[in-house]
Amino acid sequence: MSGKLYLYPGSIRIWHLLNAVLIIGLIITGVSLQYAAKDPILLPFRVSITWHNIFGVLLSFNYALYLIAGFVTGNFRFYIIRQPRFWHRLFRQARYYAFGVFRGEEHPFHVSETEKFNPLQKISYWFVMFIFMPIVIVTGWGLLYPDLVAHVIFGVSGLHVTDIVHIIAGFILSIFLVVHIYLCTVGMKWGDAIKTISTGYHHPLNDD
Amino acid sequence: MARPTLRSTSGYRSWILLTTLPALLFAAGTQGQDDSTPVTEELKQANHTACLHCHSKKYFSFVNAMTEDSVKKRMCDTYVITPEKYYRSNHKTFSCADCHDAAFEVYPHDPELRLTPKYECLDCHGGDEYWADYKFEEIYAEYEESVHAGLYDNGFSCWSCHDPHEYHISARNTENIKATIAYDNAICLSCHGNIDKYQLVTAQENPDIMTSHSWLPNQSLHFSSVRCLECHTEVNDNILVAHKILPGDKAVKNCVECHSSESRLLETLYRFEKKEKRSQFGFYNGVLVNENSYVIGANRNIFLNVASIVIFGFTLLAIFIHIVLRLISKKK
């Protein structure tokens, strides 16, 4: 098909799939741990803690791979917030999602080989990948190896502070995941985003 | 063969001092559980001049009357009393002769004296209204159902865990939970981490604690944050500390017994600190939230729970409304 763009090479697609599976696994096991009870709401505590640890370690390595590959291949260029008028374009993107999409307005952003992400994607991915992911990974390792954590922070158990930060960061990531999945259906035909991240090809003609 | 005689600056006649002790004991004897009870210098002096003169040291010396040689011998470990520990123990106001045969006042001791039966807890604490609140009879009944009871014929008794010369109430007399954990676990480890003492009461092979607990995640953190008792006893609200010690295969292995909002730690380690279910900051089992501990699953915060459910709910609601509006706008 003419005009289709090859945006996501195999390595990124595999990385993305692995990231998605691990984060979903971490959310399910994390909720099971947070709401642990004799009658588990999702998974038994023992199963949850084992798999949460395994998923967490794998996610850390996957994230390390992302960092290394981002520098080596130059993939991080897609995350760079470019001026001019970034905030204006960000506002337009948000406005489109809030109102424009119902009025049949044209999508304010057009994917290209040099600009994969719209301004809202950029800023949200930036916060997720460079702030909340590092927080959740570092605190996760702290909980996995409690001896590494300061014994007392602000007069309470260092583990307690670490866990609260871990839970809050994890919760923000889980909210991001839900919104991310939904917004991938906005501005194009249902299921096209899934096709794009599965095949690597983006079809501009399918833009809603 | 002539018996050796005590070589002491004050001579064996000093043992006569023991005759003055009953009066002191009468005043102090029934207050042994009270940490605030002072130990008089007279008692310390009397004990030291008498028994502790030798039994506070790791050796004793005497003159062999036959050879007239000065002989120095190593004191058996079980006969060594550490005065500092004794005078902070529950029995600190007792004199030696209060529990031990008066014939021990004579030195060298008659070898047959070591065969005299020793007091057990209930000999003093049982059937006495003064101790009724502590329910020693129920404690003993629990002990008799414990895995340790079967070792009685091998010499296991209350004293095997609660050394009368050192034991002091820890859990309900301190706010330092870490110190209580270390103190109570040291009691268990004095046998289970010491093959020499372990084999005094059983021919079984002493299990390697690290290996037998290898299933436990964050093993060292658990060992320093809870007592062995937390998992190896059956909770009994009637007595202050559960004494029905369970064998390994019957011990708690279900994580959520502790790691849940209904944590059993509130009925065991923290039962003396349990005041309210949530602290002022909204943490379930707030008493578990301190400088020393944090229990995943047991300390979730009610405010964070509500906030997360509200935020997640609003997110899903917003998405639902968005989907509906998209469908409506498409039909138009």
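Me: What makes B:Ile209, B:Met210, B:His213 and B:Ser214 neighbours of B:Gln219?
Reply: B:Gln219 touches B:Ile209, B:Met210, B:His213 and B:Ser214, with residues up to four places away in sequence not counted. Contact means heavy atoms within 4.5 Å. The model is predicted: local features need pLDDT of at least 70 and side-chain atom pairs count only at pLDDT 80 or more, while totals for chains, interfaces and linings use all residues. Residues are numbered from 1 along each chain as its sequence is written, chains are lettered from A and ligands numbered from 1 in the order in which they are written, and side-chain values use heavy atoms, with hydrogens and water left out.

Me: Is B:Gln219 buried or exposed, and why?
Reply: Buried means under 20% relative accessible area, exposed over 50%, and partly exposed in between (1.4 Å probe, protein chains only). B:Gln219 has 16% relative accessibility, so it counts as buried. B:Gln219 is part of helix α11 of chain B. In chain B, buried residues make up 38% of the 332 residues.

Me: How do you know whether α2(B) is straight or kinked?
Reply: The expected span of a helix is 1.5 Å times one less than its number of residues. A straight helix of 15 residues would span 21 Å, whereas α2 of chain B spans only 18 Å between its end C-alpha atoms. The bend at a residue is the angle between axes fitted to the seven residues ending there and the seven starting there. For α2(B) there is a kink of about 55 degrees, centred on B:Thr49. B:Thr49 is also one of the buried residues of α2(B), which include B:Ala46, B:Ala50 and B:Cys54.

Me: What do the span and the bend show for α8(B)?
Reply: Helix α8 (residues 177–192) of chain B has 16 residues and reaches 22 Å from its first C-alpha to its last, close to the 22 Å expected. Among the buried residues of α8(B) are B:Ile177, B:Ile181, B:Asp184 and B:Ile187. The buried residues of this helix pack against α7 (158–161), α9 (195–201), α11 (219–225) and α12 (228–232) of chain B.

Me: How many residues and how much area go into the contact of chain B and chain A?
Reply: The contact takes 39 residues from chain B and 37 from chain A. Buried area is the accessible area (1.4 Å probe) that two parts lose on being put together, summed over both. Chain B and chain A bury about 3400 Å² between them, 66% of it on carbon and sulfur atoms.

Me: Why is B:Lys244 called buried, and what is its salt-bridge partner?
Reply: B:Lys244 has a relative accessible area of 16%, which makes it buried. Its partner is B:Glu234, at 3.5 Å, N to O. The pair links distant parts of the chain: B:Glu234 and B:Lys244 both lie in the loop between α12 and α13 (302–331) of chain B, ten residues apart. B:Glu234 is partly exposed, with a relative accessible area of 40%.

Me: What sets A:Arg85 and B:Glu68 apart in their backbone?
Reply: Most residues other than glycine have a negative phi, and most peptide bonds are trans. A:Arg85 has a positive phi of about 60 degrees although it is not a glycine, and B:Glu68 has a phi near 60 degrees. A:Arg85 is in the loop between α2 (45–73) and α3 (86–103) of chain A; B:Glu68 is in the loop between β2 (59–64) and β3 (69–74) of chain B. A:Arg85, at 55% relative accessibility, counts as exposed, as does B:Glu68 at 65%.

Me: Which omega value makes the bond from B:Tyr107 to B:Pro108 cis?
Reply: Omega is near -5 degrees for that peptide bond. B:Pro108 lies in the loop between α4 (96–99) and α5 (121–125) of chain B.

Definitions and conventions:
Helices (H or I, at least four residues) and strands (E, at least two) are DSSP runs, numbered from the N terminus. A salt bridge is a side-chain nitrogen of Lys or Arg within 4 Å of a carboxyl oxygen of Asp or Glu.
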